[in-house]
Amino acid sequence: MTKNSYYSHENHTIYMNDLKDNDEYAMSFHHEFGHYIDDELGDVSLSENFEYALNDDKQWFDFNSESGLENYQNMLSDLKNPTVIDNRYVSDILSGMF
């Protein structure tokens, strides 16, 4: 039995927690599938271009600037939209940025 869900870079396999309900399973699978895609594309997330893009996004939400704080507040407001709040990808995006 797998206690944690994870992607194994070594053998290109996604392992899933057998105890999750369908919603938790789907959320974990989408997250781990992202690691699989990254691996298959040659670890794009480790490239300089990816780092530059991530840094550009971080600057967009720079808390030390008035525009960054405004952008952040607008994003939080947008996240309250019912169609966005349940989006399983939002947490991955935000965790990559902060």
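This note goes through the fold, the surface and two residues of the chain.

1. Basis. The model is predicted; local features need pLDDT of at least 70, side-chain atom pairs count only at pLDDT 80 or more, and totals for chains, interfaces and linings use all residues. Residues are numbered from 1 along each chain as its sequence is written, and side-chain values use heavy atoms, without hydrogens and water.

2. Fold. The chain has five helices and two strands. Their order from the N terminus is β-β-α-α-α-α-α. Elements are DSSP runs, numbered from the N terminus: helices are H or I with at least four residues, strands E with at least two.

3. Of the 98 residues, 16% are buried (under 20% relative accessible area; exposed is over 50%, partly exposed in between; 1.4 Å probe, protein chains only). Among contacts (heavy atoms within 4.5 Å) with a separation of 6 or more, 33% join residues 24 or more positions apart.

4. Surface. The accessible surface is about 7600 Å² (Shrake-Rupley method, 1.4 Å probe). Carbon and sulfur atoms hold 52% of that surface.

5. Ser28. This residue lies in helix α1, residues 22-40. Ser28 counts as buried because its relative accessibility is 14%. Beyond neighbours within four places in sequence, Ser28 is in contact with Ser5, Met16 and Lys20.

6. Leu41. This residue sits in the loop between α1 and α2 (48-60). Leu41 is exposed because its relative accessible area is 60%.
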